[in-house]
Amino acid sequence: MGRALVSACALLMALPAVALCAAASDARAQAQQAPQLPATMRAAAFDKGGGPEVLSIHNLPIPSVGPGQVLIAVQAAGIGAWEAQMRQNPGEHAKFPQVLGGDGSGIVAAVGPGVRGFKPGDRVYGTGNGFYAEYVSVRAENIAHVPAGMKPAEAGVLAISGLSALQGIDDVLQLKAGQTLIIHGAAGAVGTLALQFAKLRGARVLASASTSEGVELVKRLGADAVVNTRSEDLTAAARGFAPRGVDAVLAFAGGAELEHCVDALRSDGRGRVAFLYGMQPAPKPRFGVRITMYSFVDGPQELARLNQAVGAAHLQVPIAAEFALADAAAAHRRLEAGHLLGKIVLRVR
Ligand SMILES: NC(=O)c1ccc[n+]([C@@H]2O[C@H](COP(=O)([O-])OP(=O)(O)OC[C@H]3O[C@@H](n4cnc5c(N)ncnc54)[C@H](OP(=O)(O)O)[C@@H]3O)[C@@H](O)[C@H]2O)c1
């Protein structure tokens with residue numbers, strides 16, 4: 001049986017009421033007309049940029065499943081810190097209605113031609129576009145099986161934050177056992193996971209947060225020292241933590257306090273700073289300090305590495321708040337109010 005036909009049959013495994021393995025060339029069309037896949041789905045979408053109130057439930061066609069793609073019946077969608085901005089200013093080339101949602105989790109409903117490693121019924125999570133919906137079609141290379149024991153809501157907020165956290169620690173900062181790290185903004189979506197991965201690698205971590213609840217959370221997640229930037233002196237805390245200077249800074253919030261973190265680096269030219277594209281304001285350049293802006297990278301190897309680290313760290317994935325799909329506007333209001341402990345999840349089913 002040729003590869004294309006195998007894939008077509010795999011697609012049809014999701015659709016038992018359809019005559020099995022009808023002509024492969026018709027497989028995609030048949031998949032979209034499958035009896036148990038409705039023609040339309042509920043999605044939290046918007047027709048123009050604006051405040052949270054522009055988000056409302058739309059009935060939209062189920063996305064098609066092209067070669068190399070997987071259709072996911074979404075269980076949970078992550079709400080990214082940057083999505084309020086995407087809703088407010090969708091850009092002049094935006095297509096409407098627009099469905100946000102860069103990551104999430106769910107059950108494979110169908111697989112397209114050429115997809116290997118996934119079958120209907122598999123529990124998966126990953127990145128894509130349009131997770132604020134009952135179904136999303138994503139590239140198979142950007143999803144992975146949900147780590148054992150992880151709930152749908154946790155998996156729903158894991159992909160972008162987890163990849164960003166792990167790659168910051170391993171690839172950008174190349175943190176080694178015994179080295180010292182300040183995580184600035186450690187109570188947020190990426191920071192809570194980066195803290196646990198830094199501990200997994202054997203680093204000593206000073207974690208900053210801006211609320212007492214945030215301080216309690218990062219203590220629970222294993223920080224060696226904590227500082228509440230609203231009530232304590234970060235410079236003094238850093239000096240007490242690493243009198244000869246810290247090896248590295250991982251930043252999830254910019255501004256004056258981040259500059260104090262950079263001031264606390266070792267002065268022999270080996271200090272380094274990592275921050276994610278989108279974080280504002282970026283740290284000011286310094287002589288003798290390597291400052292790297294990065295973005296998360298997805299793909300099968302990256303997700304396999306993440307799954308391995310999730311298991312090794314017994315990762316806890318903090319959920320800041322949960323909202324139903326129909327309450328996406330309320331979820332965005334909560335996002336804009338700030339002081340989130342972890343990430344907001346949208347419960348889709
Ligand atoms: N390019 C990429 O690949 C990528 C991927 C993921 C994220 N990002 C970007 O990376 C940044 C972090 O993302 P995230 O999802 O982790 O955002 P987040 O959940 O909002 O986390 C930021 C954290 O920083 C804290 N914070 C702000 N000011 C602080 C201060 N002065 N002292 C201590 N803590 C402070 C916030 O706490 P309070 O709210 O309590 O102040 C919050 O806990 C965002 O800018 C996001 O857009 C980029």
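## Strand pairing and helix packing in a predicted model

Student: What makes β11 (225–228) and β14 the edges of their sheet?

Tutor: The open sheet of six strands has the order β11-β10-β9-β12-β13-β14, with parallel pairing. β11 and β14 each have a single partner strand, so one side of each is left without a neighbour in the sheet. Neighbouring strands of this sheet are turned by 15° against each other on average, direction ignored.

Student: Which bridges tie β12 to β9 and β13?

Tutor: Strand β9 (residues 180–184) pairs with β12 in the parallel sense over four bridges, and His-184 has Ala-251 of β12 as its bridge partner. β12 and β13 likewise pair in the parallel sense over four bridges, with Val-249 opposite Val-273 in β13.

Student: How do you know that both faces of strand β12 (residues 248–251) are covered?

Tutor: Ala-248 and Leu-250 on one side, and Val-249 and Ala-251 on the other, are all buried, where buried means under 20% relative accessible area, exposed over 50%, and partly exposed in between (1.4 Å probe, protein chains only). In a regular strand the side chains alternate between the two faces of the sheet.

Student: Why is Pro-285 called exposed?

Tutor: Pro-285 has 76% relative accessibility, and therefore counts as exposed, the cut-off being over 50%. Pro-285 lies in the loop between β13 (272–276) and β14 (290–294).

Student: What makes helix α5 (residues 159–172) mostly covered, and where does α5 lie on the strands?

Tutor: Of the 14 residues of α5, 13 are buried. α5 lies across β9, β12, β13 and β14, running at about 145° to β14, where axes are lines fitted to C-alpha atoms, for helices over the stretch in contact, and angles run from 0 to 180 degrees between N-to-C directions.

Student: Why are α5 and α6 called oblique to each other?

Tutor: The axes of α5 and helix α6 (residues 189–200) come within 8 Å and cross at roughly 45°. Angles under 35 degrees count as roughly parallel, over 145 as roughly antiparallel, 65 to 115 as roughly perpendicular and the rest as oblique, and α5 and α6 are therefore oblique.

Student: Which residues make the contact between α5 and α6, and how do they divide by type?

Tutor: Contact means heavy atoms within 4.5 Å, and the residues involved are Ser-161, Gly-162, Ser-164, Ala-165, Leu-166 and Ile-169 of α5 with Ala-189, Val-190, Leu-193, Ala-194, Phe-197 and Ala-198 of α6. They divide into nine nonpolar, three polar and no charged, given that Ala, Val, Leu, Ile, Met, Phe, Trp, Tyr, Cys and Pro count as nonpolar, Asp, Glu, Lys and Arg as charged, and the others, Gly among them, as polar.

Methods. Residues are numbered from 1 along each chain as its sequence is written. This is a predicted model: local features need pLDDT of at least 70, side-chain atom pairs count only at pLDDT 80 or more; totals for chains, interfaces and linings use all residues. Side-chain values use heavy atoms; hydrogens and water are left out. Helices (H or I, at least four residues) and strands (E, at least two) are DSSP runs, numbered from the N terminus. Two strands pair if DSSP finds at least two bridges between them.
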